[in-house]
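Subject: The two-chain model, handed over

Hi,

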Amino acid sequence: MRFKKLIAVIAVLSMALVACTETSGSTTTQAGGGGGSTLAAIQARGTLNCGVNNAVPGFGFVDADGNYSGFDIDFCKALAAAVFGDATKVTYVPLTAQQRFTALQGREIDVLIRNTTFTATRDGSLASTFATTTFYDGQGMMVRTGEFDTIDDMADTTICVLSGTTTEVNLAIRMTGITHTAQTYENNDQLQAAFIAGTCDGWTSDKSQLAAQRSAYPESSGGPAALEILEETFSKEPLGPAVLDGDSQWAQIVNWVVLATIAAEELGVNQGNVGSFGESTNNAIRRLLGLDITTDAGTAPFDPGLGLPTDFARKVVEAVGNYGEIYDRHVGPNTPLGVPRGLNNLWTNGGLLYSPPYS
Amino acid sequence: MAALTTDGLSARPPFWRSLKFIRWSIQLVAVGLSVAIVFYLWNNLIRNMRASGISTDFSFLTQALGVNIAGSDISPGAPIWRGLLVGIKNTFALVIVGVPLLTVLGVLIGIGKLSTNWLVAKICAVYVELFRNLPPLLLVYFMFNAVILQFPAVENSWDLGFVLINQRFVAFVGFVGQPGIGMYWLVMGVTLLIAIWVWIWRTRRWEQTGEPHRRVAWSMALLGAVALLAFLILGGPIALSIPAIDGRVATGGYQGLAQYFGVLIALSMYTASHVAEITRGSILAVAKGQTEAANALALKPTQRLRHIVLPQAMRIAIPPVISQYLNFTKNTSLALAIGYAEITRITFQTIGNGHPAPQMIALLMASYLVFSLTISVLVNILNRRLQYASR
């Protein structure tokens, strides 16, 4: 009896063993980078998983009630509007700077929109593909008002910086030959606590983020006026959405959703007037909004074949507005951040925003 | 009937019915299965990483670190592996100071909890209950944000003569070698060997004749006398370097970052509360007859504790204390919450700067494994030497 039991156990175990080694081939192909359409997976799931920041007011911030808002958040909404026609179908996944690419690689998120700088290493080694830049930023230095005039004055100081970001590397390059302590923190809350306590002489980050942190500086510590951002910009920080390598359809979708907001601004389409172009004769606008194109040959719909509904841009603008509206709502001069458009203006206004033709 | 009986006796049972075979085969299958599972998971990881275009080897370790590390003069151009070594060194700095600190603190509080003095016993009991029941991460945050960040700014550092304290760093008096320092170290090295020999000689003599050995007094007197004499003869080969504030930094002395002390103190106090409980339990576990015998010999309470109770309690305490040392070592990773550059911090930083996470995490795990196994081995050797020979 005992012997038979033993044989049975061994047989089951060895079968399991064989099964393990055999299935390894099939499961890996499915989990691998080449498998499955991201768009189909999102549609089947019914919600877009968007990796975001939750601690930078104006870009990605979660309030006490758990509501997300900000510039980056609006692009998550725009994507959801494009895919589902419903901007609320987003699951926000708050990530730290260090978690973000691992989350993307592990497919926890479909897209990373978390003030992430487009760099060659991230493009090359981290299996990510960057879409059109949504925000042209640069690194700056924030100090207590009146303490320093330029970064070159900051010898022997302690400079606080967020860990796991390009900011650390840029700081090291900028401070070559200037003795300093680079004190890194894991999150902005701890960094702010240290800064308020006075252990940091400088706070370095992308200028937009510094503006955000400055706007939220507690009144008990002197409020925004207690801080100033030095003139110098010492790096290029093009921030944009990133997706996983290997699914060009999804990468194109993310790219064109961003471009659609820019195209809408170029064409003067905004949240208020987006519904009023039914009779318009401007074919550029009609194509963008998915309206039938009328030519001498007759009337025909326009579909560039991105895999999205033809009226996706209309849903996007209805949900969040064009690029200028998104900018003004969260970052622009009339917000606490008060960052002028600068490089983030249309090319026609001296900025870098330029949408390839949607045709 | 008879034939059957002889047959049954003479035929050996088949080999697969031997207990030895059964035990071995089960072990082998279990090992094989474990290896297969690990191999499967590993293979899956590597394939997926390759498919996503992520590098699967460790060649990135020679790339430039790219960042400065607080409290270290490593340059951004140094390779990543050197940065990891800085992290290991910083973790080690926490362990090497923290373990003795928490042991002394824990043992004292454990003894205090058994004190007949009501106040001492209650204070120690409150300490244990407070620190044992709070999460260590909370203690680290509290120690840094509510205590260390409230220290004065650099410009107004507390100057205690040989120690400077502020919210950025603590600077201690240091020693600077002057001409003749090499000779001095040589003399002291030789003297140390002689002192050890004196110690052994006094011990032997005591064992043979029963005269008081006074080995501490003998060897320390020798060391002290030579140290002083050599110092005077060589014209002061060692000078004190007293730290002073110069702008926002300190010159002279040895400096430690405030973050280091935040983690060190918080975790030492936390772990000491556990060690205190182990100490108390071990003392209570020493047979009551031992105490009574000591009393019968008219030993003073301090003598009783030092010569009778504690040596026996220590034997009981060592195994559970090892696991507290290991806990302390692993908990040092909480330092990343306040930005102290220990190994976990450096690992995460490197991952954040675009280097592959699986390899970095594997290296991190290996580092902690080495730390923990080293501590286990060292303390186990001690344990074996201290156990009763008869056990």
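**A helix in chain A**

Just after α11(A), Gly321(A) takes a positive phi of about 90°. (Helices here are DSSP runs of H or I with at least four residues, strands are runs of E with at least two, and both are numbered from the N terminus.)

Before going on, some housekeeping: this is a predicted model, where local features need pLDDT of at least 70 and side-chain atom pairs count only at pLDDT 80 or more, while totals for chains, interfaces and linings use all residues. Residues are numbered from 1 along each chain as its sequence is written, and chains are lettered from A and ligands numbered from 1 in the order in which they are written.

Back to that helix. α11(A) spans residues 312-320, and eight of its nine residues are buried. A residue is buried if 20 or more other C-beta atoms lie within 10 Å of its own, exposed if 12 or fewer, and partly exposed in between, with C-beta atoms placed from the backbone. The buried ones are Phe312(A), Ala313(A), Arg314(A), Lys315(A), Val316(A), Val317(A), Ala319(A) and Val320(A). What covers them? The cover includes α3 (71-84), α9 (248-267), α10 (283-288) and α12 (323-330) of chain A.

**The rest of chain A**

Chain A has 12 helices and 17 strands. Of its 359 residues, 48% are buried. Its C-alpha atoms fill a box of roughly 85 × 75 × 40 Å, taken along the principal axes. Look at the contacts in chain A with a separation of 6 or more, and 70% of them are between residues 24 or more positions apart. (Two residues are in contact if their C-beta atoms, placed from the backbone, lie within 7 Å.)

Now find Gly272(A), in the loop between α9 and α10 of chain A. Is Gly272(A) buried or exposed? It counts as exposed, because it has 10 C-beta neighbours inside 10 Å. Gly272(A) is 114 residues from Thr158(A) in sequence, and their C-alpha atoms are 48 Å apart in space.

**Chain B**

Chain B comes to 12 helices and eight strands. Its radius of gyration is 29 Å, whereas a compact globule of 391 residues would have one near 21 Å. (That radius is taken over C-alpha atoms, and the globule rule is 2.2 Å times the number of residues to the power 0.38.) The C-alpha atoms of chain B fill a box of roughly 105 × 75 × 50 Å along the principal axes, and 29% of the 391 residues count as buried.

In the first, α4 (residues 118-132) and α8 (residues 258-285) of chain B have axes that come within 8 Å and cross at roughly 120°. (Axes are lines fitted to C-alpha atoms, for helices over the stretch in contact, and angles run from 0 to 180 degrees between N-to-C directions.) α4(B) and α8(B) are therefore oblique to each other. For the angle words, under 35 degrees counts as roughly parallel, over 145 as roughly antiparallel, 65 to 115 as roughly perpendicular and the rest as oblique. The residues of this contact divide into seven nonpolar, two polar and two charged. (Ala, Val, Leu, Ile, Met, Phe, Trp, Tyr, Cys and Pro count as nonpolar, Asp, Glu, Lys and Arg as charged, and the others, Gly among them, as polar.)

In the second pair, α11(B) and α12 (residues 357-386) of chain B pack at about 170° with their axes 9 Å apart. These two are therefore roughly antiparallel to each other. On the α11(B) side, the contact residues are Ile343(B), Thr344(B), Thr347(B), Thr350(B) and Ile351(B), and they meet Ala357(B), Met360(B), Leu364(B) and Ser367(B) of α12(B).

Tyr340(B) lies in the loop between α10 (301-331) and α11 of chain B. Tyr340(B) counts as buried because it has 30 C-beta neighbours inside 10 Å. Among the residues that Tyr340(B) touches are Asn90(B), Leu257(B) and Tyr260(B).

**Where the chains meet**

How many residues does each chain give to the contact? Chain B gives 43 and chain A gives 47. On the side of chain B that touches chain A, the elements giving two or more residues are α2 (19-51) and α11 (343-352) of chain B. The largest share, 13 residues, comes from α2(B). That side of chain B divides into 21 nonpolar, 18 polar and four charged residues.

Cheers

Terms used. Lists of a residue's contacts leave out its neighbours within four places in sequence.
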